Each structure stands twice: as structure tokens, then as C-alpha cells.
Amino acid sequence: MPPTKNDKDEDFALVQRVQTGDKKAFNLLVSKYHRRVGRLLARMLKNHEDIEEVVQESFIKAYRAIATFRGESAFYTWIYRIAINSAKNLLVQQVRRPSTPNELIDGDDETFEYQQALSTIDTPESLFQTKQIGAAVNEAIEALPEELRAAILMREVEGLSYDEIAQSMGCPVGTVRSRIFRAREAVAAHIKPLLDDSKVGKRW
Amino acid sequence: MGDVMGKEEQISAMLDGELSEQELAQVLASLDEGDLDAWHGYSMVGDLIRSSELAAFHDEPLLKRIEGALEQEVVVVAPQLKTVLKHRFFEAFVSIAAAGRASFAMAAVCFLAVLVYRVVPLVDGVGHGQSVAARSAQTVGAADLALWEEYLIAHHHHSVNGAIPSWSSMGRIDPRNLVMIGQVDEKPKEDSSASDWLNVWRDAPYDVSVVQQTQ
């Protein structure tokens, strides 16, 4: 069966680029999905290092197997499956792995719980930052002109294509593209200071 | 997509999979740090609109590590892989076909050997009449001989006279009139009309007029 574009797979063109040897295209996919893969894994793994390890392992496995990806499912569902299987493998290994002497020595209840609390994603600080960022995003969306807000929400929340949004809004596709771009720029500008101050979003 | 787009607008459209193949190739070929920052920013905005908790999972050092690990990976080129696989499949197919041909050839040789062993001595009766008669007596019954005789006569008749003869040589021979190699005298033929078609092949070792009468 020849590769076909899944209606909902917006990444198909990038995947095809990766399949022709373009590593840069795969780095874009990593950047796009590493947060969602990380959140998925945080529901299975408690240790922050484990989550990072499995996120990295999942993307490397995906890259190695990208030649076999035929676009029958969306790329993100494919990478999710790889991530879940990798996490399961790690959990099985951890169950089988005997405790090391150091772990037993340092493993009194109080110390152990403290280390666990430090290693999890949901620290009070991160929860506060998340709440702040969420509020900032909502403010930014509310501040958008109606046509920009509608366009970005239809795209990001409903997952509609530009064609579908254009039909819904009764405007050309080029206008939709421009509105979504301007909405992204406006939201990014609004939350950038918050992200610069926090440990996240250092790249921009 | 005919409108002129700025680079960052193109990055935004690329995030949504809304660039044409040509545009995508152009954008990817000219990506710089600023474009990458735009990509990271737009993709993060999308994540944060869907769920603000995703901000906690943005991990720049991890991205750098994955990028570094990917650089160590062999470049994936799926179409070439397919070509290689197709080529290998073709080679495998050819070798299997060659093996098949060899097997077929061996089978054909064996079949011909059996045929020669069973048939040629029977018809090549001039020089080996006695041995053929003796062998046929041991291994071939009268009915077998009659069938082979019938087959060979019909075969030569078809070869010389065409597929639609004036009379059917494949008509059944009355067993009472069977001409057996060991039973007939090996005398030269004098019936030219009968030897017209048989002599194309070789002289019949027996009186073919008897055979023709049976048809």
C-alpha cells in the first residue's frame, strides 16, 4: 500500500522529508511533540530521569523505524505507542531489577519520600508556574480580535484544517493562514516574559 | 498557497502541515536559528492553548540531547531502502527462478531418460530387435506396446500431414490386429504409399501395411 496522507496527520509531509534523509525535519517533530510525550510518560513513570530517558529513547526508536511508517495513522499516535511500549519495558526491567546495596542503605522512608518528591514533575513551584502560564495564555486569547481568536481556537483546539476553517469563516485559505500566524505571534509575545523567567521555554 | 508569505508565516503554516511539498522543501533548506525559535514558540503556543500543564514538560536540554543522539544515527532514506529491497527481492526471485529452471531442466532430463529407456529401444528395432524384444517381454506388456505404437504412429502422422489428417491415426487399434515388434518379420517394405510418411522418420522395422489396415 503506498503512503497516504491521513486526514488528521498534519505531520505527514515532514515525515516524508525524514524518510528522504532530512534529519532536520525529524528534529522539528521532536520539538513539536516532546512535551506531549513527556506528559504521557509522566502518567506512567514517576521518576523525572526515567521520563527523560524514555522520551529520548522513544524518539530515537521512532527515527530508526521511520522508514516503516506509512502514514496509516497520525505520527503522534505512532510516537505515543512507541513511548508507551518503551515505558512498559522500563517498568518491567525495574520490577526485575534487584535493589542495590546503596539504595537499601539510603532507603529509609523519610529520605526516600523526599527524593521522590524532588524527582517528580509536579513540584509546587512547577504547579504554580503552570497556573501562571495558563492564566497568561487565557488572557492572550481573550485579548485577540474575534477573527484571530476564532481561527486559532478552531485550529489548535478543534484541530480543523485551513480549508475547513476557511469554509467555516467564509474567507480565503490565505486569510486563515495569516490570522493563525498573527494569533500565534500575539499569544507568544504575551507569554514570552513568563517563560523567560521560568525554567521552561528558554529557546524563545 | 499562491500568496506571498513571510518566512515566519511559512513556519506557522508548516507547523499545521499546510505547506506544499515545494514550499516545505524550500523552508527546510533555509532554516536558521530564528526559524527554529519561531517553530518552537508556535508549537508551544499550541500546546499551551490545549493544556497549560504542558509548559512543565518543555525541556530544552533534553531537546539538545535528542538532537545530539540523532546526529549519531545513520541517515534514514526510505525510498532507497525500498529500492534496495526491491532489488534484493528481484535478485532472490531470479535466483529462485533459476533454481526452478534447473529443477525443471533436471526433471525434463529425467523424463526424457525414462522415455528413451522405455520407448527408443522399442522403435529402434533394426539393429536391436532381439534385445528390445527381450526387454519388452520382461518389462512391457502387449497392451503397453500397442499404446506406444499407436502414439508414435499418430505423432508422426500429425507431424507430416498436419493436425487434421484425412484419417485419424488416433483411432483405437483392434487388439486382435495388434502388430507387435517381436512378432513381425523385419522385411523391407514394398508398399510405397504406406512408407511415404513413415520414411520421413526412418524405415519401419515391420510391415506397416498391416498397421494401416487396422485403422
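Buried, on this tour, means under 20% relative accessible area; exposed means over 50%, and partly exposed lies in between (1.4 Å probe, protein chains only). This is a predicted model, so local features need pLDDT of at least 70 and side-chain atom pairs count only at pLDDT 80 or more, while totals for chains, interfaces and linings use all residues. Residues are numbered from 1 along each chain as its sequence is written, chains are lettered from A and ligands numbered from 1 in the order in which they are written, and side-chain values use heavy atoms, with hydrogens and water left out.

**Stop 1: chain B**

You will find ten helices and zero strands. These are DSSP runs, numbered from the N terminus: helices are H or I with at least four residues, strands are E with at least two. Chain B has 215 residues, and 37% of them count as buried.

Now show its surface. Chain B exposes about 12,600 Å², with 59% supplied by carbon and sulfur atoms. Accessible areas come from the Shrake-Rupley method with a 1.4 Å probe; for residues, only the protein chains shown count as cover.

Contacts come next. A contact means heavy atoms within 4.5 Å. Take the contacts in chain B between residues at least 6 apart in sequence: 46% join residues at least 24 apart.

**Stop 2: the face toward chain A**

Bring chain A into view. Here 60 residues of chain B are in contact with 66 residues of chain A. The area buried between the two chains is about 6,100 Å², and carbon and sulfur atoms give 62% of that area. Buried area is the accessible area (1.4 Å probe) that two parts lose on being put together, summed over both.

Next, look for polar links across the interface. Chain B and chain A have 25 residue pairs in polar contact, both residues at pLDDT 80 or more. A polar contact is a pair of N or O atoms within 3.5 Å; within protein, one must be able to donate a hydrogen and the other to accept it, and residues adjacent in sequence count only if both atoms are side-chain atoms.

Colour the helices of chain B that build this side. Each of α1 (7-15), α2 (21-29), α3 (33-50), α4 (60-72) and α5 (78-118) supplies at least two residues. Which helix gives the most to the side that touches chain A? It is α3(B), with 14 residues.

**Stop 3: the nonpolar core**

Select F26(A), L41(A), F59(A), F75(A) and M14(B). These have the most contacts inside the largest nonpolar core, which has 80 residues. Helix α2 (residues 23-42) of chain A gives the largest share, ten residues. A nonpolar core is a set of buried Ala, Val, Leu, Ile, Met, Phe, Trp, Tyr and Cys residues joined through side-chain atoms within 4.5 Å.

Zoom in on F26(A). Leaving out residues up to four places away in sequence, F26(A) touches V18(A), F59(A), A62(A), Y63(A), I66(A), F75(A) and, from the other chain, L70(B).

**Stop 4: salt bridges**

Show the charged side chains. The structure holds 20 salt bridges over all chains. The rule is a side-chain nitrogen of Lys or Arg within 4 Å of a carboxyl oxygen of Asp or Glu.

Start with E10(A) and K32(A), whose closest N and O atoms are 2.7 Å apart. E10(A) sits in the segment before α1 (12-19) of chain A and K32(A) in helix α2, 22 residues apart. Is K32(A) buried or exposed? K32(A) is buried, at 2% relative accessible area, whereas E10(A) is partly exposed at 22%.

Move to R17(A) and D22(A), a salt bridge at 3.3 Å between the closest N and O atoms. R17(A) is partly exposed at 24%, and D22(A) is buried at 13%.

Now cross the interface, where ten salt bridges are found. D16(B) pairs with R155(A) at 2.9 Å. D47(B) meets R35(A) at 2.7 Å, N to O. D47(B) lies in helix α3 of chain B and R35(A) in helix α2 of chain A, so this pair joins two chains. D47(B) is buried at 0% relative accessibility, and R35(A) is buried at 0%.

Select E10(A), D11(A), K32(A), R35(A), R36(A), R155(A), E156(A), R184(A), D16(B), D47(B) and R50(B) together. Salt bridges that share partners join them into one network.

**Last stop: E156(A)**

Centre on E156(A), in helix α8 (residues 146-156) of chain A. E156(A) is buried, at 7%. Its side chain makes a polar contact of 2.8 Å with that of R184(A). Beyond four places in sequence, E156(A) touches R184(A), Y42(B), G46(B), I49(B) and R50(B).
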